[in-house]
Amino acid sequence: MRIDPIRLPASHDLPPFVTRRMDEHYIDRVERLLGGEHMHVWSPPGPGALMLAGNDYLCISAEPALVRAQVRSLERAAGQALMSSVFLQAGSAQHRLEEKFAGYLRSEDAVLAQSGWAANVGLLQSLAQPGIPVYLDMLAHASLWEGVQSAQARGVPFLHNQADHLARQVARHGPGVIVIDALYSTNGSVAPLCEVVGIAERSGSILVVDESHSLGTHGPEGAGLVVGLGLEERVHFRTASLAKAFAGRAGLLTCSSRFKGYFLSASRPAIFSSCLLDHELAWFDAAIDLVRGADARRAALRATTAQVRARLAQLGYCIGDGTEQIVALEAGPEPQTLALRKALEARGIYGAVFCAPATAKNRALVRLTLNAGLGQREIDQLVAACADMREEVDLENWSSSVRGRRVA
Ligand SMILES: Cc1ncc(COP(=O)(O)O)c(C=O)c1O
C-alpha cells in the first residue's frame, strides 16, 4: 500500500520574517554558493575509511567495562524518577558522582549538568549580569557566549590567546568575569593559563576555564591543564563537556559547595530541565576510573599528535596556530572548504566541517580530531591523503596559507 506524504495546510505557511531566513540558507548558501551541496552532509564512508570527526580521544566509547556498567544500571533503574536536579536529595547517585569528580579534579565540589552547553550557559547566567563585563577569548566556545547573552551581560572580546590584549581590555572596562577555553576546539591551541590567572588575580576578576578538550587527555591522570599547572586553587570555575574524552552525554563544573547550592537555584538549565539518568551516571562513574588509569592512551595520543602535526607542516599545511590533538585544515571560504572535505573523503578521510557560525565567515575549516587508537598505518593513510590532494584543493591559496606566508 502506498502512503501519500502529508501535505500541511496553507495555514502552516510561515511568515516572511522566517521564510526570508530559510531562503538565505537554502537559496543563497546551499544552492548558489555551494552548488546544491551541504557543508555537513558527507558521502557514506567505505571500508577502511578513517573517521576523524569525533571527540572520543581515548577511544573508550565501546569499552566493555563501561558498557556493562551502563547495562547493569539500565536493568536496575526501572521506575527512576524523572525530575530536575534541584529535587535531588543528599546522598543521591548524582551527588556521589559529583563528589567523585570533585576529588579527581581537586576541587571542593562539582555539579553535573545535562551537557557542556548546559553547564556553560547555566554558569555564565549565574555569574554575569547587566553592567558586568565578561571578557571572552574570541575563540571561546559558543555556549559561553550564549551564557553571557542570556544573562544580558556585556561581552567584551579579546584577541585569541593574547593575554596583553585581555589586560588592556580589563584595564579599560574594569574587573568582571574572564572566560577562556583551556584547549581550543577549532584549532587545538592551548590558552596562556598562567598569564590569564595573573590578570584575573591582579584585576579582581573571576576566571572561568572550559576544559572540554583537555579533560581526560591532559594533566595528571587526565585531570586537565589547570591541575597540570597546579592552578586549581586559582581558577574559580572549570567547566567541561563529558562528550569528549569521557564519551558520554553530560557536562560538569567545579566550584565551592556554597556556590553549588546557589547555582542550583540560579542556573536555568539546572532548574528547568530534567537531570541525568542513572545509567548515564553509571557510565561516568566507571569512566573516571578508566580515564584516570589511561596514561598509555594519553601517551599514544601525544605521540600521534606530534607526528601528524610535524608531517602535515612539512607538507606545507599551515597548522601552527595549534599544538594539540585537534588539527584544523583551514581552507577559508565555504566553497573551498567543501572541496577540501570532498577531496579528503575521496581518499577515505572523514573530518568535521566547521563553518559560520562556528567560525568567522571566511575562515571555514575541516577539523581532524586525532585519537589514541590511531596506528602507524592510519597515520600514514592520513598523511598520504594530505600529500596527494594539495594541488587539487589549491592549498597555496587557502586563507591559512596566505596568513602563514604573511607571518613568515
Ligand atoms: C569547548 C566546548 N565547550 C562546550 C561544549 C558543549 O558541550 P556538549 O556537547 O556536551 O553540550 C563543546 C562541544 O562542542 C565544546 O567544544
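Strand β11 (352-354) is joined to strand β12 (residues 364-369) by three bridges, and the two run antiparallel. Helices (H or I, at least four residues) and strands (E, at least two) are DSSP runs numbered from the N terminus, and two strands are taken to pair if DSSP finds at least two bridges between them. Within this pairing, Phe354 has Leu365 of β12 as its bridge partner. The model described here is predicted; local features require pLDDT of at least 70, side-chain atom pairs count only at pLDDT 80 or more, and totals for chains, interfaces and linings use all residues. Residue numbers start from 1 along each chain as its sequence is written.

Strands β11 and β12 belong to an open sheet of three strands, ordered β9-β12-β11, with antiparallel pairing. The edges are held by β9 (326-332) and β11, each with a single partner strand, so one side of each is left without a neighbour in the sheet. On average, neighbouring strands of this sheet are turned by 30° against each other, direction ignored. Axes are lines fitted to C-alpha atoms, for helices over the stretch in contact, and angles run from 0 to 180 degrees between N-to-C directions. Helix α13 (residues 334-346) packs on the sheet, where it touches β9, β11 and β12, and its direction makes about 30° with that of β12. Contact between two residues requires their C-beta atoms, placed from the backbone, to lie within 7 Å. The loop between β11 and β12 contains Pro357. The peptide bond leading from Ala356 to Pro357 is cis, with omega near 10°.

A second open sheet comprises seven strands in the order β2-β8-β7-β6-β5-β3-β4, and its pairing is mixed. Its edge strands are β2 and β4 (154-158), each of which pairs on one side only. Neighbouring strands of the seven-stranded sheet are turned by 20° against each other on average, direction ignored. Strand β3 (residues 133-137) runs parallel to β4, and five bridges join the two. Asp137 stands opposite Phe158 of β4. Two helices are placed against this sheet. Helix α3 lies across β2 and β8 (251-255) and runs at about 125° to β2. Helix α6 touches β3, β4 and β5 (177-181), its direction making about 145° with that of β4. The loop between α3 (93-104) and β2 (109-113) holds Arg106. Phi of Arg106 is near 55°, a positive value in a residue other than glycine. Most residues other than glycine have a negative phi, and most peptide bonds are trans.

Helix α6 (residues 163-173) also packs with helix α7 (residues 193-203), at an angle of about 15° and with the axes 10 Å apart. The two helices are therefore roughly parallel to each other; angles under 35 degrees count as roughly parallel, over 145 as roughly antiparallel, 65 to 115 as roughly perpendicular and the rest as oblique. Their crossing is right-handed, a crossing being right-handed if the near helix is turned clockwise from the far one by less than a right angle, and left-handed if anticlockwise. On the α6 side, Ala163, Leu166, Ala167 and Val170 meet Glu195, Val196, Ile199 and Ser203 of α7. The residues of this contact divide into six nonpolar, one polar and one charged. In this classification, Ala, Val, Leu, Ile, Met, Phe, Trp, Tyr, Cys and Pro count as nonpolar, Asp, Glu, Lys and Arg as charged, and the others, Gly among them, as polar.

Helix α12 and helix α14 (residues 376-388) pack at an angle of about 20°, with their axes 10 Å apart. This makes α12 roughly parallel to α14, and α12 passes α14 in a right-handed crossing. Thr304, Gln307, Val308, Arg311 and Leu312 of α12 form the contact with Ile379, Leu382, Val383 and Cys386 of α14. By class, six nonpolar, two polar and one charged residues take part.

The domain assignment of the protein chain gives domain 1 (35-58 + 295-407) and domain 2 (64-292), the bounds coming from an automatic or database domain assignment. The centres of the two domains, taken over C-alpha atoms, are separated by 27 Å. Domain 1 contributes 18 residues to the contact and domain 2 contributes 16 residues. On the side of domain 1 that touches domain 2, α12 (295-314), β9 and β12 each supply at least two residues. Strand β9 gives the most to this side, with three residues. By class, the side of domain 1 that touches domain 2 has eight nonpolar, five polar and five charged residues.
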